[in-house]
Amino acid sequence: MATRRKSNRAKEKETTWQERVIQIRRVSKVVKGGKKLSFRAIVVVGNERGQVGVGVGKASDVIGAVRKGVADGKKQLIDVPLTKSNSIPHPSNGAAVGAKVMMRPAAPGTGVIAGGAVRTVLELAGVRNILAKQLGSNNPLNNARAAINALDSLRTFSEVAEERGVPVENLYA
């Protein structure tokens, strides 16, 4: 029994997390002695197998900010249900502050048709065929969070069937 647990833990550590920096911004705080400069990094973390998270880190140097962003992203991971064609099960909309993101499943061979931060989030989630559009805002952080919101609201056919207490075959009728 103990060996099984160890092998599961080993597998968890083996999952390779990819991290992509969406934006690095130099921010300043006005203090008594003048301006204090620091860096803010927005980072997307994903394993390309249905798990993805967005993190923000601030530090006095870029490397520290990115490291903090990665740690924050790993804390906020979500699971994305993927279909056999590496798409999403149904259309979905997500919103965060002023940003709205619309997502639609696409046929195999379509690719990731999305822009900016949304594209990065979808690629690291492992989605290969999707149509997505940013609406309302160009802010990378809010768009990334809106994409996460849209992906988090996805449900599989089997989950919906179970909630309704119906066999999956009856959903298609």
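Biologist: Where is Ser38 placed?
Modeller: In this predicted model, Ser38 belongs to strand 2, which covers residues 34–46.

Biologist: Is Ser38 buried or exposed?
Modeller: Ser38 has a relative accessibility of 18%, so Ser38 counts as buried, the limit for that class being under 20%.

Biologist: And which residues does Ser38 touch, not counting those up to four places away in sequence?
Modeller: Ser38 touches Arg25, Arg26 and Val27, and also Ala59 and Ser60.

Biologist: Another serine, then. Where is Ser92?
Modeller: Ser92 is in strand 5, residues 92–96. With 5% relative accessibility, Ser92 counts as buried.

Biologist: What does the side chain of Ser92 reach?
Modeller: That side chain reaches the backbone oxygen of Ala150 at 2.8 Å. Leaving aside neighbours within four places in sequence, Ser92 is in contact with Ala150, Ser153 and Leu154, as well as with Val101, Met102 and Met103.

Biologist: Changing topic: at roughly what angle do the axes of helix 3 and helix 4 cross?
Modeller: The axes of helix 3 (residues 116–125) and helix 4 (residues 140–152) cross at roughly 40° and come within 8 Å. The two helices are therefore oblique to each other.

Biologist: Is that crossing right-handed or left-handed?
Modeller: The crossing of helix 3 and helix 4 is right-handed.

Biologist: Which residues make the contact?
Modeller: Helix 3 contributes Ala117, Val118, Val121, Leu122 and Ala125, while helix 4 contributes Pro140, Asn143, Ala144, Ala147, Ile148 and Leu151.

Biologist: How do those residues divide into nonpolar, polar and charged?
Modeller: In the contact of helix 3 with helix 4, 10 residues are nonpolar, 1 is polar and no residue is charged.

Technical notes. Residues are numbered from 1 along each chain as its sequence is written. This is a predicted model: local features need pLDDT of at least 70, side-chain atom pairs count only at pLDDT 80 or more; totals for chains, interfaces and linings use all residues. Side-chain values use heavy atoms; hydrogens and water are left out. Axes are lines fitted to C-alpha atoms, for helices over the stretch in contact, and angles run from 0 to 180 degrees between N-to-C directions. Helices (H or I, at least four residues) and strands (E, at least two) are DSSP runs, numbered from the N terminus. Angles under 35 degrees count as roughly parallel, over 145 as roughly antiparallel, 65 to 115 as roughly perpendicular and the rest as oblique. A crossing is left-handed if the near helix is turned anticlockwise from the far one by less than a right angle, and right-handed if clockwise. Contact means heavy atoms within 4.5 Å. Ala, Val, Leu, Ile, Met, Phe, Trp, Tyr, Cys and Pro count as nonpolar, Asp, Glu, Lys and Arg as charged, and the others, Gly among them, as polar. Buried means under 20% relative accessible area, exposed over 50%, partly exposed in between (1.4 Å probe, protein chains only). A polar contact is a pair of N or O atoms within 3.5 Å; within protein, one must be able to donate a hydrogen and the other to accept it, and residues adjacent in sequence count only if both atoms are side-chain atoms.
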